[in-house]
Amino acid sequence: LNAVTYAQKTADISTVSEKALSSILEKNRSYYTQGKVADYIPELGKMDAKAIALSVVDKNGNIYNTGDVHKKFTMQSISKIIALMIAVNEKGEAHIFDKMGYFGSDKPFNHFSNLETTGKPLNPMMNAGAILTTSLISGEGEKPFLKILDMVRYITKNPGIDYSKSVYESEKSTGHRNRGMFYLMKNNGLISGNEDQLDNYFKQCSIELTAEDLAKIGYFFAHQCVRFDGDDKYKNTEVAKLVESQMLVAGMYEFSGEYARTVGLPSKSGVGGGITVSVPGKIGIGVFSPSLDQHGNSLAGYHMILDMVKQYGLSIF
Ligand code: DON
């Protein structure tokens, strides 16, 4: 545990400015040299390791951006929180969590736990649970994926968001471990459909967005599923609590426990280099830097969040 230096709040988050964000970004820019861009999916390896961005949506829905604000990247595992929300809205929490656990993660995101013991995924944040969650969204063929895409467009108010066909093809042609999980869950009676359902998972991982879009997603779950502009069509306190609690215990994979200690905020990472952060009742934060630590979390992203938390006293604890 080397990241703990005790937090000393120096400013109130209501005073946040692009200038303040910019100095946090510059302080942490060089962390990319200590990590590695994901290349287990060949197409991801093409990302520019030096790209970096930090965005905040404040309590009133105002947006602050710094760095490579127009740079798009794939949301990867961050799509899992959107899929969870949709599945629970459609089927109810009991139906979904009859088939998987609420457990925290102490395993890498692509671990088979607990498919060989209890037969059920640990949680909806690891790949197995996420693949299952998406398979539980109703609709034939591509429909469940399109619901996820539409929800991302709605939350960000950004109808131009789409998925990267090349990343999708790359995930599909190399994702044999995910395919293995899919068939093991089919064998266990949790999944009844065909591989279209796995393709939906690969597609959701390939949705491209910016750090600002991630800040809006963070804001949405921090505000009971109310959008940054106040639209409350999906307002649901319980769903927001569910999603945030899973982000807290499993959103950063096996790093989640240490992250809860050092950052103390519901967050979700993706191997594209993004992290979305919810500061409950307050703000949303989106960070991007594609160089990852050994767990698959953005290294500079983590350190920018850590500085935000220290400077503005944002931990929930
Ligand atoms: O399933 C995979 O291999 C990826 N497409 C998504 C995983 C991911 O983002 C895990 N992240 N930290």
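How do the axes of helix 5 (residues 143–156) and helix 8 (residues 196–205) come together, and at what angle do they cross? In this predicted model, the two axes come within 8 Å of each other and cross at roughly 20 degrees, and because that angle is under 35 degrees, helix 5 counts as roughly parallel to helix 8.

**Helix 5 and helix 8**

- The crossing between helix 5 and helix 8 is a right-handed one, and on the helix 5 side the contact is made by Pro 144, Phe 145 and Ile 148, while helix 8 contributes Asn 200, Lys 203 and Gln 204.
- Sorted by class, the residues in this contact of helix 5 with helix 8 are 3 nonpolar, 2 polar and 1 charged.

**Helix 4 and helix 7**

- The axes of helix 4 (residues 127–135) and helix 7 (residues 176–187) come within 10 Å and cross at roughly 60 degrees, which means that helix 4 is oblique to helix 7.
- Helix 4 passes helix 7 in a right-handed crossing, in which Asn 127, Ala 128, Ile 131 and Leu 132 of helix 4 meet Asn 178, Met 181, Phe 182 and Met 185 of helix 7.
- The residues of this contact of helix 4 with helix 7 comprise 6 nonpolar and 2 polar ones, with no charged residue among them.

**How helix 4 is enclosed**

- Helix 4 is largely enclosed by the rest of the structure, because 9 of its 9 residues are buried.
- The buried residues of helix 4 are Asn 127, Ala 128, Gly 129, Ala 130, Ile 131, Leu 132, Thr 133, Thr 134 and Ser 135, and what covers them includes helix 2 (79–91), helix 3 (93–97), helix 5, helix 7 and helix 8.

**Positions annotated as a binding site**

- The unreviewed UniProt entry carries the annotation "binding site" for Ser 77, Asn 127, Glu 171, Asn 178, Tyr 201, Tyr 253 and Val 271.
- Glu 171, one of these annotated positions, lies in helix 6 (residues 165–174), and Glu 171 counts as buried because 25 C-beta neighbours lie inside 10 Å.
- Leaving aside residues up to four places away in sequence, Glu 171 touches Ile 41, Phe 202, Cys 205 and Ser 206.

**Leu 21 in helix 1**

- Leu 21 has its place in helix 1 (residues 18–28) and is buried, with 22 other C-beta atoms within 10 Å.
- Not counting residues up to four places away in sequence, Leu 21 touches Leu 54, Val 56, Tyr 64 and Thr 66.
- Leu 21 and Leu 115 are 94 residues apart in sequence, and from C-alpha to C-alpha they are 42 Å apart in space.

How values were computed
Residues numbered from 1 in each chain as written. Predicted model: local features only at pLDDT ≥ 70, side-chain atom pairs only at ≥ 80, totals over all residues. Axes fitted to C-alpha atoms, helices over the stretch in contact; angles between N-to-C directions. Helix = DSSP H or I, 4+ residues; strand = E, 2+ residues; numbered from the N terminus. Parallel < 35°, antiparallel > 145°, perpendicular 65-115°, else oblique. Left-handed = near helix turned anticlockwise from the far one by under 90°. Contact = placed C-beta atoms within 7 Å. Nonpolar A, V, L, I, M, F, W, Y, C, P; charged D, E, K, R; others polar. UniProt positions renumbered as here; feature names shortened; annotations may be inferred. Buried ≥ 20, exposed ≤ 12 C-beta atoms within 10 Å, placed from the backbone.
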